[in-house]
Amino acid sequence: MRLHPRTLMIFITPAVLIGLWWGYVTLFKVPPFILPSPQMVGSELVRLFAGGTIWPHLGHTLGIIVAGFLLGTMGGLLLGLVLARLPGLERMIAPYLLFIQTAPKIALAPLFILWFGLGITSKIILVVSLVFFPVMIGTVLGLRSVSPAMLELSRILHLSQRQRFLRIELPAAVPEIFSGLKVGAVQATIGAILAEWLSGGTGLGYLMVFAGTTYKAPLLFAMVIVTALLGIAVYQALAQCEKWLLSWR
């Protein structure tokens, strides 16, 4: 059975990177506290998963990502729908939305902690703030990308506003909406880790801080790998949903 080149690259690329990593550490005799070997990081990953240490932290982080992503998505979709219908309103509030989006989240995170406490609420709000904007933009662009010919056809067929939205506008907007969702999913992962980094005693971000402050380089590298894989998994899940929804194309 012949494998597709893309499938081969999925296995070849990590193998090459790990080989280069191992060769660099071995050849230059890099101290483990600066750059641990792949074997040390692999052993740490096995210990975390086999011993069950990581599961509560992974579940906590995943819960924040899912809750923040769903709330941010709902808010972004609703406001995007309103702004797509009311261009005048968009021109009025666009500067304020842009200001909120461009404000550095590393600065907003401590403010959220100050306002909403050290609990899970501040973490979810930070994730929502990161997800909301790309979903809103994707929704606005998607709904405005509908072909004028299709809109004219809806008028000829005397479709109601609801029928036109469900049968023409929404299907046409799905690609742009999912573009915003995929960006938001990656942002949600980053936001959850950042929030746990700044406060809390549970989660992958907390494990990163713990590893850094106790100079446990293998654990720190293991957490970097786990968080990267988590972000990829969330992104791919959305990509598969998009592929399924757009199968008619």
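Reader: What should I know about the model before I start?

Author: The model is predicted: local features need pLDDT of at least 70 and side-chain atom pairs count only at pLDDT 80 or more, while totals for chains, interfaces and linings use all residues. Residues are numbered from 1 along each chain as its sequence is written, and side-chain values use heavy atoms, with hydrogens and water left out.

Reader: How many helices and strands does the protein chain have?

Author: Helices (H or I, at least four residues) and strands (E, at least two) are DSSP runs, numbered from the N terminus. Here the protein chain has 10 helices and zero strands. Its C-alpha trace spans about 75 × 60 × 30 Å along the principal axes.

Reader: What share of the 249 residues is buried?

Author: Buried means under 20% relative accessible area, exposed over 50%, and partly exposed in between (1.4 Å probe, protein chains only). In this chain, buried residues make up 37% of the 249. As for contacts (heavy atoms within 4.5 Å), take those with a separation of 6 or more: 71% of them join residues 24 or more positions apart.

Reader: How do I read a pair of packed helices, and at what angle do α6 and α8 pack?

Author: Two packed helices are described by the angle between their axes and the distance between the axes. Axes are lines fitted to C-alpha atoms, for helices over the stretch in contact, and angles run from 0 to 180 degrees between N-to-C directions. For α6 and α8 the angle is about 155° and the axes are 7 Å apart. Angles under 35 degrees count as roughly parallel, over 145 as roughly antiparallel, 65 to 115 as roughly perpendicular and the rest as oblique. That is why α6 and α8 are called roughly antiparallel.

Reader: Which hand does the crossing of α6 and α8 have?

Author: A crossing is left-handed if the near helix is turned anticlockwise from the far one by less than a right angle, and right-handed if clockwise. The α6 and α8 crossing is right-handed. By class, 18 nonpolar, seven polar and four charged residues form this contact. The classes are: Ala, Val, Leu, Ile, Met, Phe, Trp, Tyr, Cys and Pro nonpolar, Asp, Glu, Lys and Arg charged, and the others, Gly among them, polar.

Reader: Which residues in α7 meet α8?

Author: In α7 (residues 148-156) they are M150, L151, S154 and R155, and they meet R164, I168 and E169 in α8. That contact divides into three nonpolar, one polar and three charged residues. The axes of α7 and α8 come within 10 Å and cross at roughly 155°, so this pair is roughly antiparallel too. Its crossing is right-handed.

Reader: Is T139 buried or exposed?

Author: T139 is in helix α6, and its 3% relative accessibility makes it buried. Setting aside neighbours within four places in sequence, T139 contacts G76, L77, G80, L81 and I177. Compare Y235 in helix α10, which is partly exposed at 32%. Y235 touches K182 and V186, not counting residues up to four places away in sequence.

Reader: Last, backbone angles. Where does K29 lie?

Author: Most residues other than glycine have a negative phi, and most peptide bonds are trans. K29 lies in the loop between α1 and α2, and its phi is near 50°, a positive value in a residue other than glycine. K29 counts as exposed, at 69% relative accessibility. Y215 also has a positive phi, near 60°. Y215 sits in the loop between α9 and α10 and counts as exposed at 72%.
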